[in-house]
Amino acid sequence: MKKVTVFRIGKVPVDSQTVLIVLVAIAMLIVLDLFVRRTRAGKGIRAVAEDPETASLMGVNIDRIIVLTFFLGGLMAGAAGLLYGMFYSQALFSMGFLPGIKAFTAAVLGGIGNIRGAVLGGILLGLVENLGAACTGAQWQSVIAFVVLVGVLMFRPTGLLGEQVSS
Amino acid sequence: MSSDAEDRTRSQAEVTQEATPGSTRQEGRPIQGSAWKRLTWPARRVLRTAGDRYDRMAKPARLGVSAGMVVLAAAVPVLLPYVTADSGYWTSVATKIGIAALLALGLNVVVGFAGLLDLGYVAFFAVGAYTFALLSGAGRYAIAISRSQPNAFKLLPTWHMYFWLLLFVALLVALIAGVVLGTPTLRLRGDYLAIVTLGFGEIVRITATNLNSLTDGSQGVNQIPHPAINVGSVHYNFGLNNEAYYWLLLAVIVIWIFLLRRVNDSRIGRAWAAIREDELAAASMGIPTIQMKLLAFAMGAAVASLGGVIYASQIGFISPDSFQLFSSDFGSVIILAMVVLGGMGGIAGPIVGAALIIFLPERFRFVGDARFLIFGGVLVLVMVLRPQGILPSRRRAAELEGGEVRETSVFEARQAGS
């Protein structure tokens, strides 16, 4: 049995799990942001995203950078999966499908290639989805996410904070 | 034409050879790269020749082969009892292959001809199936109407008579759905297009689940009527005769292949090839890219809906579960696997892919659930050995060949894909 402590901020009840999830998300955001902005490997990632050919001429090992990004992506997804499974107290082989698409939606919403934008997009998408579901019924929740995705791609394909990678 | 392509490949091979000393040459093809590639070279050669030999045939010979194949395909239900004791079961598998082949040929227009990655293709299959199911008087909605207003359906006293009419209605509905879903999405490219089409596929499925009053939600629509022929003195109900559905599917597929060949050899087909290879260049040459892409999308949608109508009338029951993305029957991903495995951009390829992907798991049913594991392994193996698919079109193969002979680096491959 897991232990969840519920406490109140003002009048709003908050449980310790939610706080943990938010804290981990913030920590991951900061670490990833610093890694991509400040380290040599992060510079390599940005260079490959911008122009792989030129990056390889400048001595960036493209294959290694790609392996590194897959590693980082897997790391983040793994941490998210841990929290997700903990929050819903279950694990299923197929439970990553919808969150995966919604993650893509959030990334597009914030601007692809923009880490801070992705977080903003995630928060916004979650709000829109749940407020929308409150109006239309919970069974339409995923539809709202897809409609947001299509809408963003149609009307503001660079996302809210703008793409940092030239297409 | 074909010798031109071969010469080009050879000269490229020679260029590559100069660049990488130490590689040996055999029968005009370079053997280079990893030990894995050297080891699997004979197998790849065998797979390659089957498709290439057909491609190099003269036109009359090719027509003869095609006609022979149609006759052979039509004879399958007749021949099955001589081959297997369980011919009834295998006939039902054959109709399943027929539906799969129709869907694969439809998706091939979108993915193979126009080069648009559509992961929501099953949505149009669902549109066709639901259009037919609801208009044919099955389902809660129609039953409620017929109870409250008994005269409402007097216009259509025997539903099965209207199968052929509803076939065209479903086709039109899917055409419209294709244009409606295509208009906002087809301006996108590559990964974005794939994700958005996937989203639309899910929207259609969730809508079918949630519109309880119309579609009976997740319970699905049952008692969908079977098609029948009532012309003059001929009265024939398809009922549960799998052979009848098989021949119906075969007829639809043959008509579709004929149309497809005509379209693909026309201006439209060349426009699709141009868009697939370089959209920007195509647009600057004056090709109306959006219209051409929409046309491919709508044509694919129409064919999928035909498949949906026949599927719904054969099974007699549909539910949103039949149209899941990863459904092992006709999910978008499985249909895409058929097209990619068989070889994109051709006609024989998707059919072969559909036949293999439906047949293999059925044939190896005796090994239990492990068959999906083996099946997945076989898929990976074929794609590693022959990335262009089993029977690709010559043009598609040449597009990929350039990459294979020259050993494309990662970023080149990515640029080619985007």
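Author: Let's start with B:Phe364, which is partly exposed because its relative accessible area is 37%. B:Phe366 counts as exposed, as its relative accessibility is 62%. Here exposed means over 50% relative accessible area, buried means under 20%, and partly exposed is in between (1.4 Å probe, protein chains only).

Before we go on, a word about the model. It is predicted, so local features need pLDDT of at least 70 and side-chain atom pairs count only at pLDDT 80 or more, while totals for chains, interfaces and linings use all residues. Residues are numbered from 1 along each chain as its sequence is written, chains are lettered from A and ligands numbered from 1 in the order in which they are written, and side-chain values use heavy atoms, with hydrogens and water left out.

Now for the rings. Rings of Phe, Tyr and Trp (its six-membered ring) pair if their centres lie within 6.5 Å; planes under 30 degrees apart count as stacked, over 60 as edge-to-face and the rest as tilted. Over all chains, that rule gives 16 aromatic pairs. One of them is the stacked pair of B:Phe113 and B:Trp272, at 6.0 Å centre to centre with 25° between the planes. B:Phe113 belongs to helix α4 (residues 87–113) of chain B and B:Trp272 to helix α11 (residues 267–277) of chain B, so the pair ties together parts 159 residues apart in sequence. Helices here are DSSP runs (H or I, at least four residues), numbered from the N terminus. B:Phe113 and B:Trp272 are both buried. Back to B:Phe364 and B:Phe366: their ring centres are 6.0 Å apart and their planes at 50°, so this pair is tilted. There is also one aromatic cluster made of B:Phe125, B:Tyr130, B:Tyr311, B:Phe323 and B:Phe330.

Finally, the side facing the partner. In chain B, 20 residues are in contact (heavy atoms within 4.5 Å) with 22 residues of chain A. Between the two chains, about 1,900 Å² is buried, with carbon and sulfur atoms giving 80% of that; this buried area is the accessible area (1.4 Å probe) that two parts lose on being put together, summed over both. On the chain B side, α8 (190–210) and α18 (410–417) each supply at least two of the residues that touch chain A. Of the elements there, α8(B) gives the most, with 11 residues.
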